[in-house]
Amino acid sequence: MGRLRKKYNWKGRQQNESQSPGGDGSTDVVVELGGGEKLKGVDTCNALVLPSNKAKKKTVAEKPISKKKPLTKKQKKQAGILAKLAEFQLPESELKMLYTTAKLGTGDKLYQNKGMTDEVEDGGTAPKISSLSGVNRKRKWKEEVEEEAEEQQGEESIAHSSEPKEVEKSAQQPKEGPVRKPSQPAVFVPVDRMPEIQEARLRLPVLAEEQVIMEAVRENPCIVLCGETGSGKTTQMPQFLYEAGYASGKGIIGITEPRRVAAVSMSQRVAMEMNLPTQVVSYQIRYEGNVTTDTKIKFMTDGVLLKEIQKDFLLQHYSVIIIDEAHERSVYTDILIGLLSRIVPLRNKKGLPMKLIIMSATLRVEDFTDNKKLFPSPPPVIKVDARQFPVSIHFNKRTPMEDYSWVDKTGGILVFLTGQAEVHDVCRRLRKAFPFRRSTTDTGKEEETFKDTRRFKKDKQKQALPRIHLDNYSALPVDEGDEDQLAGVDDDECGYEGCELDLGEDEGDPDEKADPSIPLYVLPLYSLLAPEQQAKVFQASPAGTRLCVVATNVAETSLTIPGIKYVVDCGRVKKRYYDRVTGVSSFKVSWTSQASANQRAGRAGRTEPGHCYRLFSSAVFGDFSEFSEAEITRRPVEDLVLQMKDLNIDKVVNFPFPTAPSGEALMAAEQLLVSLGALEEPPRTGRVKDIERAKLSCPVTPLGRAMASFPVAPRFAKMLALGRQQDCLPYVIAVVASMTVREIFEDLERPAASEDESSKLAQNKARLMQMRRLWAGQGPSLLLGDLMVLLGAVGACEYAGCTPQFCETNGLRYKAMVEIRRLRGQLTNAVNAVCSEGGVFVDSKMAPPTESQVICLRQILLAGLGDHLARRIREEEILDPKWKNGYKTPLLDDPVFIHPSSALFKKPPEFVVYQEVMETTKMYMREGLVCHCTSTFYRVAWPLPAVEKAYPEGLDRFKLFAKFLLEGEVCLKLKKNCSVLLSNPSIMMKTWAKLQPRTEALLVELASEKVDCRDALLAVWKEKEKFLLSAYCQWLPESVHQEVAKSWPPV
DNA sequence: GAGCACTGC
């Protein structure tokens, strides 16, 4: 109890008690709980929602201790002063004005108005209290005002040690003006929280550790904070830092989240808790944000901060960076940590100290702490408890290997499966097993469900699955369900071998017994599901039913469904795999990790004690890997490498990755970037060792820098960089945007929820096929293959105003189209930023590309995908009947195929370029583009058919003609001189051609008579016989001049 | 002749 009083920032935590005018403590608890209940379903916060009985008890118990006891003595005194001072207090409106003027002066005054009622006793001298001496503040906070700057640079200085030395330091610090400030503050910035918020905060485990955490922050440049979901770290850590003055100077507090929704909702949540406007607690995500010059706490997605580092490597705008959800090990998070491990010491050296706080939900932090390359002296790890309710884990006695999507155990509420198809399959089986009848409620949903069942019955029969005793289900009284009976029926239906094993386990559990008696309200949930369908899981389920969400991994991290008590976990995940050698992608289902299984289980304990049913045995669980691998080790890294090169990190191998990508992956990235012209070509001569080393440290080129400024994959960035030709940029932007956004077309194969829907799906399918043909165009536009379909779809959708209706009738995914629209906007800005005279804009009425634009577009697209070329396997090469219609690629032995959904499927061209190869039932190419190229291709040296190229306009026209003339293509008589030419004819086309008198002479003469073709030349020679002679002779040694002159003109 | 989990700039 006494301990609580001494806790760091105890005053901050209790201020509501003393300040809220009418706040009487006793009712607070009730009020708070009421409020908490209201929050149900919102769950924007990991911690503050859904107070439970347990939480209630805790609060009640805690309250008299934490509040009343420590307060009475001092607080009373303060309250007296407060009251007195309040008489002189300015009205809120005037305070607001002070707020802005204060901003012009010292940062310390900035916050006075906020906590005025609370902190007035300090009067003009801002309420500065050392964040560290906060422990003792109660005793001596007034005397210690000066101690404020005590620890300015004192990474080493200890909390309460206010030795004379330190005080001296403090005296010097203020003089330094701009250099002192935010990251080593010693102020206490009051926050005016609502009483109920304050109350709720106090229950958070992380609050109990505030002192420890803040001491660690002050003493160390970097700390690691571990706390599971429910600890409150995400919402509270920024507040601790704010109160400790880390946002009082010029620097602000930055927090990165791996998802946009989290960044937005957390900023709103924290703003609400702190009673501050969103101009002060703001967010920034890819396409939007509400950051202002007043922003002090900024939530953002990790990619946003990475882009900011490109603009200002030292992140001088920030005094603290918090990396949230670091355990997820997203690539950007990993890169950020690596970069910040270098930025933080640099900032300290510069006298602009900065703090780094890495927050993780698991204790797997060795990759950060035991990595000497990353942090030579390991950062301290602070662990915080989580306010989670216990979850009983039930393992299967035996793990069925064939199929794991059982129905009999889904008495729970949240079911984890691996993919859309499974989700829909299990949904319909559950609906059948636990029919949801609308007798008690209203709406026409019953019908839907009924039809649904019928429809799937048909489906089932089609699939020749084991017989189903449908009668058993429908006859089963809704309120008399018996688990065993149902399970038995289910056994029958699925015919799973392992079905017999698990029923006994649940017998003793009264909760379980009751489960099947309630009809289930079954909802699917996965990422690609339309948002309005997704939203259903957050709405109240119909009366008399029980919510059962059948979900993929979205429910593990991205979406938190309120009120989950039971979790059923199949123990598997579908993951994307890349073959590092061939670049082929595939999806495979595999066991998940222990950490991930525990995370899934934890979803059952958010509101009350829960249960987790694992459809695998504990032995199998024991074989799971402890954690999932870091993403960076499982995917190509060319984008990351380019970003790093742009930051002048040439030797990417030496980068302090928390987990490094493989050498192969780095090498492949470097090679691709060189081939795209983003990196300088490494030397090919010299010592082998040096050559090898140089291959992994190619510096970035100017083109590479431009590419790095485009927020898309390097291949696409290259296309954008080339896009200016022939006014193609708007098209390139549209194509790149649509290739970047995944799943543009609605999945029309998915099972429908009703007959209405199913007929609609069929209709849409037919229409989409028709539209695809239309979009693919005719004649030359067919050469763009599927990209023309994309371009057509995007153009048509935009033309129609990008409405949900248009998308629905044309089989387009609305969310994807909106994303494309925003991405087009962003790319347009990015392109204009690099090349201002371009003046590109997003045209909602973009006309289809002209023929010459199509040809140009094809070349541009090929520049980014040059190595993704495939050649049709000729009749005589077919060694296996399966190779029919197959294509050969440079890197794969096996043939690849055009996907049946491709515009090119029916007329397979000789050559195609593809975006990627994905292995499903076959190796399929995605997004094909017809391709003709000149000369030979790649290391396989395939001869490629020639293609007509548009003759350039302007001076280039004459340059090109001059080149052909010199090469002997225009007048065959000149061919024999080719071998003695003083310069290579191709230099005519070089930008520096002007530097050579002979190029200039030839060009000037051709241009003077407008000679750009053979006919024009012959016409001029008729008039002027000696035309071009002297200019041509400049290209030849004198020894042949006479002979040339003799036979001039060479016709 | 079709089957793709999940994210971030």
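Helices (H or I, at least four residues) and strands (E, at least two) are DSSP runs, numbered from the N terminus. A residue is near a molecule or strand if one of its heavy atoms lies within 4 Å of it. The structure described here is a predicted model, in which local features need pLDDT of at least 70, side-chain atom pairs count only at pLDDT 80 or more, and totals for chains, interfaces and linings use all residues. Residues are numbered from 1 along each chain as its sequence is written, chains are lettered from A and ligands numbered from 1 in the order in which they are written, and side-chain values use heavy atoms, without hydrogens and water.

DNA strand B is surrounded by 36 residues, and the closest are R286, V331, S527, K574 and E749. Sugar or phosphate accounts for 60% of the atoms of DNA strand B within 4 Å of the protein, and bases for the rest.

The table lists polar contacts (pairs of N or O atoms within 3.5 Å).

| Side chain | Atom of DNA strand B | Distance |
|---|---|---|
| R635 | base nitrogen | 3.4 Å |
| R742 | phosphate oxygen | 3.3 Å |
| R926 | base nitrogen | 3.3 Å |

Two or more residues of the surface near DNA strand B come from each of α14 (302-311), α15 (331-349), β13 (572-578) and β21 (923-926). The element that gives the most is α14, with four residues.

Confidence is expressed as pLDDT, the predictor's confidence in each residue, from 0 to 100. Chain A has a mean pLDDT of 75, and 70% of its residues reach 70 or more. For the complex, the predictor gives an ipTM of 0.96 and a pTM of 0.69.

Terms used: Polar contact = N/O pair within 3.5 Å; in protein donor to acceptor, adjacent residues only side chain to side chain.
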